[in-house]
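The following exercises are to be worked with the sequence and the coordinates at hand. Each task is followed by a solution in steps.

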Amino acid sequence: MAVNAIGMGEQNQSERDKFENELKRIIKTADESGIILRVIGALAFQIHCPKFGFVQSAMGRAYTDIDFAAYGRQTKQIQGLMTRLGYKENQEVFIVSGGQRAIHENPTTGLHLDVFYEKLDFCHAILWEGRLEVDSPTIPLAELLLEKMQIVQINEKDVIDTIMLLLEHPLGDSDKEVINIKRIAEICSNDWGFWRTVTMNLEKVRVLAQGYSQLTSEQKSRVESQVNEAMARIEKEPKPLGWRLRARVGDRVKWYKDVEEV
Amino acid sequence: MNKLVRDLMHPGLLSCRPNATLGQVAVLLNQHHVHALIVADRDGRPVGIISDIDLLAGEWLSADSKSLATMRKLTAADLMSQPVDSVEANLSLTEAVRQLIEKDISRLLVTDKGKPVGVISLSDFVASVALEEKPRRETVADVMANAILVCREKTPIYSAARSMTEAGWRSVLVVDARGVPQGVLSGKDLLPFVKDGVDESLTVRDLMHPALTIDVNASLREAADVMIQKHYHRLVVIEEKDPEAFPFGIISSFDIVAAMAKPDSIWQV
């Protein structure tokens, strides 16, 4: 997944089918091999949003690659799986990232896969430990939302995916078809920087959603109320001393990591 | 707890101005040996409290030169806690304790009819707990210091001397990796180096002297006997059944003298 890749543009159904069918093939083979491989990125949003999945294509959101979350302890099994499925790994990326990321290319189809081991670590780190067993075939909804909300330079494709998620799923305190806002609030209350980026982006989503002509006024209101509820829940979570101290320094010191393109 | 806040508070305010830099606040905290300062405006009105924990943000967030430059420009006003929680001097200590617990804070500004007159902090309560101790003088365990200064044999002499100075201790117990006593380093061991200076390569192992031990249940008379016979100022307190275990504490000649000086000791009747 290229974080700043545009990911926007016309994409016909057969092209979308190519990504979706390949994803199904990989997930099926991984499951049969006992490998925990969870989908993240645009395809994960599509899988988890059967009712509002149309929003992606309606707003010109295109698939560019297939992204996965996985545990580092299964690295070797995943490398073997990808080889069996016809992919070639870019060794340099794996070595430079210290084994935290792998890029696999399929020379026949031209498809490109990203595997993020143990965590997604761009502007802020989202840890997988104990979370990849919670949902299938994607990461849990809370992590899907955080995946988008951790991007400081958020772009349109991320906003579209987030709008779709907020339209499809209510907020709640569990992971069963609801966005676990309790978990998000806890993560934000332990890290001021993460709180800063997530709340900044939720606010952007709230504002930008009002400008999409593809959304009905009811859908716009729904996005707004979901964002308001999420913000209220995050604000209500008690903040420890470290958070409060970091908040006093605020934006004067950079609160996120810069993202390097691969 | 029948005492009033004014009985335990530190009278007077140690303060800094809101525009004091973190470096200046650090100097004041260090000079006065306190954990916090009241931040007061031009008219002396408290506007916040800045503590050593707040100051740690300076080190915490100075990950690179740009951040360091930013943090160096921050002032007490940027990092202080506000508003200042306060308690009236004539209220009971129970009220102060309730506030400290409920608000999860370490100190309160003490006011007299709204006018600031002092500060009461956790340290004051710790000191009061120590004073509440019922005087007993039967055994070594009754008088010894349970909390002791400890270091390893490889500790540089400079580091040990600094720790002794900061803690106000005249000795440090030297232990191995498993906590077994190896010796004691005292001020006396360091005296010869005052004149000629300390070789920086020296470690505690080079200067320490053997530790004399005494059983935790021994009487004060027995402790005094060992000190006099061996001309030692301090003994490492152990359990004789398990001499390899980490010691209970240290008893010094000063501890015995302090027990003798207590108002209700037999020496003061």
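The model is predicted.

**Exercise 1. Examine the backbone of chain A at P137(A) and at E118(A).**

Step 1. Between S136(A) and P137(A) the peptide bond is cis, and its omega is near 5°.
Step 2. P137(A) is found in the loop between β7 (125-127) and α6 of chain A.
Step 3. E118(A), a residue other than glycine, has a positive phi near 70°.
Step 4. E118(A) is placed in the loop between β5 (112-117) and β6 (119-121) of chain A.

**Exercise 2. Describe how helix α6 and helix α7 of chain A pack.**

Step 1. Helix α6(A) covers residues 141-149 and helix α7(A) residues 156-168; their axes are 9 Å apart and form an angle of about 155°.
Step 2. Angles over 145 degrees count as roughly antiparallel, and the two helices are therefore roughly antiparallel to each other.
Step 3. The crossing of α6(A) and α7(A) is left-handed.
Step 4. From α6(A), the residues L141(A), L144(A), L145(A), K148(A) and M149(A) meet K157(A), D158(A), D161(A), T162(A) and L165(A) of α7(A). By class, this contact has five nonpolar, one polar and four charged residues.
Step 5. A salt bridge joins the side chains of K148(A) and D161(A), at 3.3 Å from N to O. K148(A) belongs to α6 and D161(A) to α7, so that this pair, 13 residues apart, links distant parts of the chain.

**Exercise 3. Characterise the interface of chain A with chain B: how much area is buried, and which residues of chain A supply 53% of its share?**

Step 1. The two chains bury about 960 Å² between them, and 68% of this is on carbon and sulfur atoms.
Step 2. L245(A), R248(A) and R252(A) supply 53% of the area chain A buries against chain B, more than any other three residues.
Step 3. Eight residues from chain A and 13 residues from chain B take part in the contact.
Step 4. Two salt bridges are counted between the chains. The side chains of R252(A) and D78(B) meet in a salt bridge of 3.1 Å, N to O.
Step 5. Over all chains, the structure holds 30 salt bridges.

Terms used
Residues are numbered from 1 along each chain as its sequence is written. Chains are lettered from A and ligands numbered from 1 in the order in which they are written. This is a predicted model: local features need pLDDT of at least 70, side-chain atom pairs count only at pLDDT 80 or more; totals for chains, interfaces and linings use all residues. Side-chain values use heavy atoms; hydrogens and water are left out. Axes are lines fitted to C-alpha atoms, for helices over the stretch in contact, and angles run from 0 to 180 degrees between N-to-C directions. Helices (H or I, at least four residues) and strands (E, at least two) are DSSP runs, numbered from the N terminus. Angles under 35 degrees count as roughly parallel, over 145 as roughly antiparallel, 65 to 115 as roughly perpendicular and the rest as oblique. A crossing is left-handed if the near helix is turned anticlockwise from the far one by less than a right angle, and right-handed if clockwise. Contact means heavy atoms within 4.5 Å. Ala, Val, Leu, Ile, Met, Phe, Trp, Tyr, Cys and Pro count as nonpolar, Asp, Glu, Lys and Arg as charged, and the others, Gly among them, as polar. Buried area is the accessible area (1.4 Å probe) that two parts lose on being put together, summed over both. A salt bridge is a side-chain nitrogen of Lys or Arg within 4 Å of a carboxyl oxygen of Asp or Glu.
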